[in-house]
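Me: Please take a close look at one part of this model: the aromatic pairs. Keep it brisk.

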Amino acid sequence: MKEKNYIIGMSNNEISKKYMEIVIPEIKRVTFNDVELWEATTPETLPDGPLKFNKTKPTKMTPIPKELSATEKAVWYSHYKLWKYIAQNVENCWVFEHDVDLSKINVLFPTINKHLMTARNKGCMECYYITPHAAKLISSIAEEEQIYYQADGFVYYLIKSMGKIKNISFTQR
């Protein structure tokens, strides 16, 4: 099965388009595949459900619980809708944020029987590899649970709870 690349971005947003002009050629170079735009959810296009957002849990970086912003919820729905699509269309995919900086990503954390890997840079998930199995699993967990974290934190803590398998350098691919 050939892997697909999706970039979550906004075709009608000048900043998002500028980022994508810079990163899409680099993604193609690193993955040897074309990149397809996944249109991001925006605060103006937020659906009413099914995700249930709660105040964030205290962490070192954010010790005081706060509500997720409309933008953070929109990011959540962008990923969630793509997970649902991947699960239904049986595609193994790399998913990239529109502002990913591949030169600064150096570690992948594979888990869930190698069905999900994240690439992190300074605590942010900028891209990840996901199979239909993992997409179905994490979208169903997101539907069932109260959401306390931003989307990248959710995936990171899900992976952390399952344990790291190995670390590999993205730039050594």
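Reply: Helices (H or I, at least four residues) and strands (E, at least two) are DSSP runs, numbered from the N terminus. This is a predicted model; local features need pLDDT of at least 70, side-chain atom pairs count only at pLDDT 80 or more, and totals for chains, interfaces and linings use all residues. Residues are numbered from 1 along each chain as its sequence is written, and side-chain values use heavy atoms, with hydrogens and water left out.

Now the rings. Rings of Phe, Tyr and Trp (its six-membered ring) pair if their centres lie within 6.5 Å; planes under 30 degrees apart count as stacked, over 60 as edge-to-face and the rest as tilted. The whole structure holds eight aromatic pairs. One of them joins Trp38 and Tyr85. Their ring centres are 5.2 Å apart and their planes meet at 50°, so this pair is tilted. It links distant parts of the chain: Trp38 sits in strand β2, Tyr85 in helix α2 (residues 70–89), 47 residues apart.

Next, burial. Buried means under 20% relative accessible area, exposed over 50%, partly exposed in between (1.4 Å probe, protein chains only). Trp38 has 17%, so Trp38 is buried. Tyr85 has 27%, so Tyr85 counts as partly exposed.

Another pair is Tyr77 and Tyr80, which is edge-to-face: 6.0 Å centre to centre, with 90° between the planes. Both residues lie in helix α2, three residues apart, about one turn of the helix. Tyr77 is buried at 2% relative accessible area, and Tyr80 is buried at 7%. Both belong to a cluster: ring pairs link Phe53, Trp76, Tyr77, Tyr80 and Trp83.
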